[in-house]
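Please read the following briefing alongside the sequence and the 3D structure.

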Amino acid sequence: MTLLTHELKASYAFVERNFNLSRRYWGWELAFLVYSAAGALSISFIGAQFGDSRLLLTLMVGAIFWNYLSVVFSWIAETISVERWEGTLEYTMMAPVHRSTHLLGSVAYAMVFGLVHTAAILLAMIVFFPNLAVGSANPLTVVTFFVLGSFSFVGIAMLAAILPLLYVERGAQMTFVLQSVLLLVSGVYYPIEVLPGWMQVISRLSPATYAIDGVRRGLIDGASVSELIGDVWPLVAMGIVLIPFGLWAFGRAERYAKRTGKLKRVG
Amino acid sequence: MTATLTRESKTLILDPQAILADARPIDRTVPALLVEGVTKRFIVGRAKRPVLAISNVSLRLERGGVVGFLGANGSGKSTLIRLVSGLLTLDEGRVEVFGHDIEREEMTVKRLINRVSVDAAFFKKLSPMENLLFAARLYGMDAGKARGDAIAILERLGIARKRIDRPVEQMSRGMQQKVAIARALLTSPALLLLDEPTTGLDPRSKLDVQTFIEDVRTNHDASIVLTTHDLDEADRLCDRIAVLNDGRVVAEDTPDGLKRLVAERHGQEPTLHNVFMTYTGRSLDDDVEEVEAGEDD
């Protein structure tokens, strides 16, 4: 068996396992889907009450795209915390699998799951708001920013996944705080210009800021990718820098955990 | 791994040639496990106090052998297993598995070993088969073959086929431990690390597991490291026993050799119980009470 085949098979192991986990926890997945759809609809109704279709679309894009990013972020960031919770972390770390393979499997499942989850919410939106003014939308721009946003977010999620390695008891809570801060500063439901100056600086470091802005302008204004180059290059740069950096940092964190005995099951 | 379950004998036949043919870089002339001068410290507490968990431990396990570690709780048995597993880094010394250095040839060593720990850790909502297939894929096994092998091993361990697709959380502690053993065996480890595999099992389950370990050793050509608090188990399964105390090997010999030692040097009955008491300074009853107290906390 070639090394590549072995690694791809091992990557698929994580996809299959996560799919099995989703299947076995279907009740929770359904509850989370209903909660997410209800949240997205609630926010959209705020726009609807003003009779402003632009505001409605702005809020809707924020709700849908943030749902996608947060699902992707959660699945990747919880790669370690879930295994720590179940007590299987040491067995996975003992397996002859490169960490990049491990994370690739988690990322692949996260993206597929995120797309399915988001499609279900989109469907709910279409049912409740059948007359959306999206006639001038530029689908290529929307898809481009979906893809770029996904990859740039992967790097941050990998860095977040390190926290449960380093902090046995509070790591999972710390990833949740990080996700909340990203929601706050990324202009998901409002323009970042309304934030205090220091928060606007932080918002520039979040890939979600550029991805959501790109999707919004592509969908509402029909802007082309070339018109949004100011949003494209930060996403590309973040993807190129953050994914390798995330992998490197994960390796360092794993080494630290092995040196200090933090892979051991606790509780 | 080639696993065949014959209905008549209920003997699981694991073909060592098939195991070794899997591009395994095993040199038959080198020891299965070589531990030389291994030391491990942990920094604990707010005062950052270094605690010596393993101190200058050396041992050699020949291919096909079974070495047992006896020692009180906190003596370093599980730490030593984790060091050999690559789950902890070495502060000093070196460890080789079939001649492969665990730090320089990490992936090669990972393919050669597997471990069963005292707590049967699984994705509890997943079935035994789903857990086992996940492990098999990580070790590069073909899923179809892994499924067949998993059924054979689980049935040999007394887990009925109808239980294989139900969530692990619905199984008893003993059955979960058997699934953990099956998971380790499924990947055909040349070196099997068993960290108190029968602790907490009822007598029948314990006997099943011990018999299976003997089968694995005989038919699977596996070398085994075993930690246990069950002295009869150590006597039955181990070729050699190392007694650990405060992270140090304080005695090492065959079970009979250790018994002779306490009889000749200390004038005691030649039993492993007396070996344990003599070299760890405590009785097993103290140890069990400590575990129970810890569980109550």
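A crossing of two helices is called left-handed if the near helix is turned anticlockwise from the far one by less than a right angle, and right-handed if it is turned clockwise. By that convention, α3(A) passes α6(A) in a right-handed crossing. This is a predicted model, in which local features need pLDDT of at least 70 and side-chain atom pairs count only at pLDDT 80 or more, while totals for chains, interfaces and linings use all residues. Residues are numbered from 1 along each chain as its sequence is written, and chains are lettered from A and ligands numbered from 1 in the order in which they are written.

**Chain A as a whole**

- Chain A has 10 helices and zero strands, where helices (H or I, at least four residues) and strands (E, at least two) are DSSP runs numbered from the N terminus.
- The radius of gyration of chain A, taken over C-alpha atoms, is 19 Å, close to the 18 Å that the globule rule (2.2 Å times the number of residues to the power 0.38) gives for 267 residues, so chain A is as compact as a globular protein of that length.
- Along the principal axes, the C-alpha atoms of chain A fill a box of roughly 55 × 40 × 40 Å.
- Of the 267 residues in chain A, 46% are buried; a residue is buried if 20 or more other C-beta atoms lie within 10 Å of its own, exposed if 12 or fewer, and partly exposed in between, with C-beta atoms placed from the backbone.
- Among the contacts in chain A with a separation of 6 or more, 80% come from residues 24 or more positions apart, two residues being in contact if their C-beta atoms, placed from the backbone, lie within 7 Å.

**Helix α3(A) and its two partners**

- The axes of α3(A) and helix α6 (residues 139-166) of chain A come within 8 Å and cross at roughly 25 degrees; axes are lines fitted to C-alpha atoms, for helices over the stretch in contact, and angles run from 0 to 180 degrees between N-to-C directions.
- α3(A) and α6(A) are therefore roughly parallel to each other, since angles under 35 degrees count as roughly parallel, over 145 as roughly antiparallel, 65 to 115 as roughly perpendicular and the rest as oblique.
- The residues of the contact of α3(A) with α6(A) divide into 14 nonpolar, four polar and one charged; Ala, Val, Leu, Ile, Met, Phe, Trp, Tyr, Cys and Pro count as nonpolar, Asp, Glu, Lys and Arg as charged, and the others, Gly among them, as polar.
- Helix α3 (residues 53-86) of chain A also packs with helix α9 (residues 207-221) of chain A at an angle of about 135 degrees, their axes being 10 Å apart, and the two are therefore oblique to each other.
- The residues making this contact include A:Leu57, A:Val61 and A:Phe65 of α3(A) and A:Ile212, A:Val215 and A:Leu219 of α9(A).

**Contact between chains A and B**

- The contact takes 28 residues from chain A and 24 residues from chain B.
- On the side of chain B that touches chain A, α4(B) gives the most, with four residues.
- By class, that side of chain B has 12 nonpolar, four polar and eight charged residues.

**Positive phi in chain B**

- B:Ser188 is not a glycine, yet has a positive phi of about 50 degrees; B:Ser188 is buried, with 27 other C-beta atoms within 10 Å.
- B:Asp246, likewise not a glycine, has a positive phi of about 50 degrees, and is partly exposed, with 16 other C-beta atoms within 10 Å.
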